[in-house]
Amino acid sequence: MGIKCGIVGLPNVGKSTLFNALTKAGIAAANFPFCTIEPNVGVVPVPDPRLNALAAIVNPQKVIPTAVEFVDIAGLVAGASKGEGLGNKFLAHIREVDAIAHVVRCFEGDVIHVAGKVDPIADIETIDTELALADLESVDKALNRAERAAKANDKEALAKKPVLQKLAAGLNEGKSARSLGLDEEEKALVRDLFLLTLKPLMYIANVADDGFENNPLLDAVRERAAGEGAEVVPVCAAIEEELAQLDEADRDEFLKDMGLDEPGLNRVIRAGYKLLDLQTYFTAGVKEVRAWQVKRGATGPQAAGVIHSDFEKGFIRAETVSYDDFIQYKGEAGAAAAGRLRKEGKDYIVKDGDVLHFLFNV
Ligand SMILES: Nc1ncnc2c1ncn2[C@@H]1O[C@H](COP(=O)(O)OP(=O)(O)OP(=O)(O)O)[C@@H](O)[C@H]1O
Ligand SMILES: [Mg+2]
């Protein structure tokens, strides 16, 4: 489906290590800046314990999760917007993603740091500045065009101009476009610019294996993120990469020893899913129990369209059982007998966890 979360950050902060763990792909993660030259895309299944609970009731032949794509983008350095490092090429890769996972180094140690010392807040500011400068360049160009066209009374340009002016002023002060409070209409007017700092953002704090508590570097990132309303997911990428290489039995043992019930990676994937504004509904038949992703706010027909465009065109109704009811009444028949099966029409707004059965004609 190609909804992508881009992994960005300074060189050598652990992006590829995290990406490797996410995809188990063996791309080079070395103690050497710029070891990722081309972007790498990985399709990552979204862990959802609800799927197994549904499967335990339905006993299907197959169980199929949803997936999101993660893109490993090579490290950005100060000056990237002016072509430093591999500069503009990286920025172009970031333009193509739908959301940004910003990896910040919160571990000490002898891995080389491009700025010579571990300081996550300074690192965040370096990246933010580059992204804001790149956006400012796009906005300035667009503003120039809009101002010229506005003189000729071009309607679209007249509408765009004040939005671009607002953006230019904010970006000039080093603010992100995200923080400027644009409404949906204003955002739509500048969608064609693919602004980097308008994309939803979360932080991934890459900590040492003992760095989840009493870690002032992590605390600093949390404080910063709270001010921006952004989520922070702490994870030890190095451990996750090791975990990803173990077979299932060894992995479970390892997690048990550490007192965890799932890999930290699962939190990263779920946070990414949320950031992309996706939610899950299920279909539960004997052939397969399957999770499907739709944007939050999707209607019944739109949700049906994720399975097949004919389902959307010919949508009649969706027989709907909430996840909790499906579990409590042990399946669709039980839920129906208890009066918990709803017939929802074209205006129904699908809720996370709905178990749906579409009726349609073609
Ligand atoms: N949590 C951690 N603790 C200790 N070392 C780590 C941790 N995470 C990653 N590393 C190490 O940091 C080094 C750099 O990691 P990695 O190659 O993933 O960085 P990167 O962000 O992809 O860099 P680049 O931008 O150059 O591609 C590797 O040697 C890796 O093993
Ligand atoms: Mg890398």
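## Briefing: salt bridges, helices and a charged patch

The structure holds 19 salt bridges. It is a predicted model.

**Salt bridges**

- Lys-141 and Glu-137 join their side chains in a salt bridge, at 3.9 Å from N to O. The two residues are 4 apart in helix H4, so about one helical turn separates them. An α-helix has 3.6 residues a turn, so residues three or four places apart point the same way. Glu-137 is partly exposed, with a relative accessible area of 39%.
- Arg-340 and Asp-325 also meet through their side chains, with 2.9 Å from N to O in this salt bridge. Arg-340 sits in the loop between helix H14 (332-337) and strand S11 (342-344), while Asp-325 belongs to helix H13 (residues 323-328), so the pair ties together parts that are 15 residues apart in sequence. Arg-340 is partly exposed at 39% relative accessible area. Asp-325 counts as buried, at 10%.
- Glu-344 pairs with Arg-342 in a salt bridge, and their closest N and O atoms are 2.8 Å apart. Glu-344 is buried, with a relative accessible area of 16%. Arg-342 is partly exposed, with 31%.
- One network joins Glu-125, Asp-128, Arg-224 and Glu-228 through salt bridges that share partners.

**Helix H4**

- Helix H4 covers residues 120-151, which makes 32 residues. From first C-alpha to last, H4 reaches 46 Å, close to the 46 Å expected at 1.5 Å a residue.
- Ala-146 has its place in H4. Ala-146 counts as buried, at 5% relative accessibility.
- The C-alpha atoms of Ala-146 and Leu-158 are separated by 7.2 Å. Along the chain, these residues are 12 apart.
- Asn-153 follows H4 and has a positive phi, near 65°.

**Helix H10**

- Helix H10 spans residues 265-275. Of its 11 residues, 8 are buried, so H10 is largely enclosed by the rest of the structure.
- The buried residues in H10 are Leu-265, Asn-266, Val-268, Ile-269, Ala-271, Gly-272, Tyr-273 and Leu-275.
- Just after H10, Asp-277 takes a positive phi of about 65°.

**Negative surface patch**

- Asp-247, Glu-248, Asp-250, Asp-252, Glu-253 and Asp-257 form a negative surface patch.
- One of these residues, Glu-248, is found in helix H9 (residues 248-257). Glu-248 is exposed, with a relative accessible area of 58%.

How values were computed: Residues are numbered from 1 along each chain as its sequence is written. Chains are lettered from A and ligands numbered from 1 in the order in which they are written. This is a predicted model: local features need pLDDT of at least 70, side-chain atom pairs count only at pLDDT 80 or more; totals for chains, interfaces and linings use all residues. Side-chain values use heavy atoms; hydrogens and water are left out. Patches are made of residues with over 30% relative accessible area and no salt bridge: like charges are joined within 9 Å, nonpolar side chains (Val, Leu, Ile, Met, Phe, Trp, Tyr) within 5 Å. Accessible areas come from the Shrake-Rupley method with a 1.4 Å probe; for residues, only the protein chains shown count as cover. A salt bridge is a side-chain nitrogen of Lys or Arg within 4 Å of a carboxyl oxygen of Asp or Glu. Lys and Arg count as positive and Asp and Glu as negative; His and the chain ends are not counted. The place of a charge is taken as NZ of Lys, CZ of Arg, CG of Asp or CD of Glu. Buried means under 20% relative accessible area, exposed over 50%, partly exposed in between (1.4 Å probe, protein chains only). The expected span of a helix is 1.5 Å times one less than its number of residues.
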